[in-house]
Amino acid sequence: MNDMPKKVKVSPTKAFFVRMITRDITLEDSILDLIDNSVDGAWKNEGSRPAGLAENVDLKKYQIEITANETEFSISDNCGGMSLEDAVEYAFSFGRREDDPTDEFSIGVYGIGMKRAVFKLGENISIHSTTNDQNGDRLGFRVPIDVNDWLTIHDGPWDFDLVPDNPEEQTGVRIAVTNLTRSTKVAFGNPAFIQQLARVISRDYALHLNQGLNILVNGKKVTGWEITFKSSDEFEPVRFDFVDEADGQPVSVEIIGGMAEVPPDGLEPDERGRKQDPYGWYIVCNGRIVLAADKTEISGWGDAWPKWHPQYAGFIGLLVFSAKSAADLPLTTTKRSVDRASGVFRRSRPHLGKISQTWIDYTNKRKTMNRAGDEKQEEVKKLENATVPVSVYAVQPKAAMILPKFSREVRGEKQANIAYSVPVSKARALARGLGNQNLSYREIGLQSFEYAFEDLAGDD
Ligand SMILES: Nc1ncnc2c1ncn2[C@@H]1O[C@H](COP(=O)(O)OP(=O)(O)O)[C@@H](O)[C@H]1O
Ligand SMILES: [Mg+2]
């Protein structure tokens, strides 16, 4: 009995590990992870401050260049580079240790993005960094990874080699991957993939691009999506901020919402299913848009307030979180959604609800006006067309959205009063079906009337 082994083996195989970490992230999102690292580098160079919607940030001198074709992927930046010590001590380890240094106001948090991305991309990897050493002299090094070689030595060390390399002219990181995986090759050979990648970059890094950051995809400069709100005396976006707390640390929250475009007048059948429009809520964590144009329960549609409906198109809202430590933000590891369990996120949600509801009410009133004859319709049009686009950065603080009220104008129409009784259980079930468990009986009546009207009598 005494010579019975005292341990059972647990360590993962390298192959299992690589398969696991690359499984639940898309190729597109892994490329964004590499961009995040470059952005974090630039941010660190700029002295690491809250990203948010501050106007006084200039990222013009930073450039990130991405090349993606069927034979090669590369990303190179001039954002400061990775120090030799960072490379040796933690940049290549899988996952962050408790005591690893974190860059303030960064988007990197889990210590997995770079490794996951290069494994996802291909088998022959080279990561070069040019940095300044302690004496301020240029220093270059490279970490080459041959994934197949590394995997075949099952019981060998997990560490990668580090070799000296000629420094580049500017400090920065260059990652090159060849021997692309089959699916990566297919994606990069498809012009639609590259186009979509550029589109996502334009949207998700809009705040950085608007601050001057240069990102090129296959030689083409990506322009940032300009976020504007249509404004006038009658239409003004809401904008306020407050400081919340996560783990005793302050998390600043900024909320902006308003009419980005005039709502649609008719709802053509083919418009109903369209998902690619820019409307809905955006959630931003330390400058990076992690959830875009959300129309789902995450930002409250069909959960705490009515389900998204094409009638609400035109509205854009931003919920912007900034924190010194990215771990305090509601980030998921793929940065493609938010962690709904996060306290800061849950506490901010009712604010979104109030704003969404204001917009919903407006679109309802506007619909009534549009149905009340040409004259009323003209009145709506006139007001909406008298607005001018105002940049998100220039929006002034305002506790609530300002929208035309219209109520006086429609009072002229003769009203029908409908009253009926139904079992409470059925009313509640219908409220749930309408997307909000807590709707008042009056609202259930009005909304179900609208629903039936649209289906059976309405053509707009
Ligand atoms: N382009 C880059 N510029 C500077 N440092 C980088 C760059 N890419 C990666 N690094 C370093 O590598 C580390 C690990 O990156 P990553 O695996 O994405 O995890 P995380 O971003 O969560 O720390 C980063 O924290 C950073 O120190
Ligand atoms: Mg990262």
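# Reading strands, helices and loops in a predicted model

User: How many bridges join strand β1 to strand β7, and which way do the two run?

Analyst: Strand β1 (residues 63-68) and strand β7 (residues 214-217) run parallel and are joined by four bridges. The general idea is that strands of a sheet pair through backbone hydrogen bonds, either parallel or antiparallel.

User: What is the strand order in the open sheet of eight strands?

Analyst: Read across, the order is β5-β4-β3-β6-β2-β1-β7-β8, and the pairing is mixed. At the edges are β5 (163-164) and β8 (220-221), each of which has a single partner strand, so one side of each lacks a neighbour in the sheet.

User: And what order does the open sheet of five strands have?

Analyst: That one goes β10-β11-β14-β12-β13, again with mixed pairing. Its edges are β10 and β13 (288-294); each has a single partner strand, so one side of each is left without a neighbour in the sheet. From one strand to the next, the twist averages 15°.

User: Let's walk through it. Which way do β10 and β11 run, and how many bridges join them?

Analyst: They run antiparallel, with nine bridges between them. F240, for instance, has I255 in β11 as its bridge partner. Moving on, β11 is joined to strand β14 (residues 315-323) by nine bridges, also in an antiparallel run, and there V253 stands opposite F321.

User: Why is β11 described as largely enclosed by the rest of the structure?

Analyst: Count its buried residues. Strand β11 (residues 249-259) has eleven residues and eight of them are buried, so the strand is largely enclosed. For the whole chain of 460 residues, 48% count as buried.

User: Take D244 in strand β10. Is D244 buried or exposed?

Analyst: The cut-off to apply is under 20% relative accessible area for buried. D244 has 14% relative accessibility, so it counts as buried.

User: What does the side chain of D244 pair with in a polar contact?

Analyst: With the side chain of R347, at 2.9 Å. Leaving out residues up to four places away in sequence, D244 also touches Q249, P250, V251, V253 and V344, besides R347.

User: How do I read a positive phi?

Analyst: In the hairpin of β10 and β11, which has two residues between the strands, D247 takes a positive phi near 55°. F105 has a positive phi as well, near 55°, and is found in the loop between α3 (84-91) and α4. N286, not a glycine either, has a phi of about 40° and sits in the loop between β12 and β13.

User: Are F105 and N286 buried or exposed?

Analyst: F105 has 12% relative accessibility, so it counts as buried. N286 is buried too, with a relative accessible area of 2%.

User: Now helices. At what angle do α2 and α7 pack?

Analyst: Helix α2 (residues 27-45) and helix α7 (residues 191-204) pack at about 45°, and their axes are 11 Å apart. That angle makes the two oblique, and the crossing is right-handed. On the α2 side, L27, E28, I31, L32 and I35 take part; in α7 they meet F193, Q196, L197, V200, I201 and D204.

User: Which strands does α7 lie across?

Analyst: β12 and β13, and α7 runs at about 105° to β13.

User: How many helices and strands does the chain have?

Analyst: There are 14 helices and 15 strands. The C-alpha atoms fill a box of roughly 85 × 65 × 45 Å along the principal axes. Of contacts between residues at least 6 apart in sequence, 71% join residues at least 24 apart.

Methods: Residues numbered from 1 in each chain as written. Chains lettered and ligands numbered in written order. Predicted model: local features only at pLDDT ≥ 70, side-chain atom pairs only at ≥ 80, totals over all residues. Heavy atoms only, no water. Buried < 20%, exposed > 50% of the residue type's maximum accessible area, 1.4 Å probe, protein only. Polar contact = N/O pair within 3.5 Å; in protein donor to acceptor, adjacent residues only side chain to side chain. Contact = heavy atoms within 4.5 Å. Pairing = 2+ DSSP bridges. Axes fitted to C-alpha atoms, helices over the stretch in contact; angles between N-to-C directions. Parallel < 35°, antiparallel > 145°, perpendicular 65-115°, else oblique. Left-handed = near helix turned anticlockwise from the far one by under 90°.
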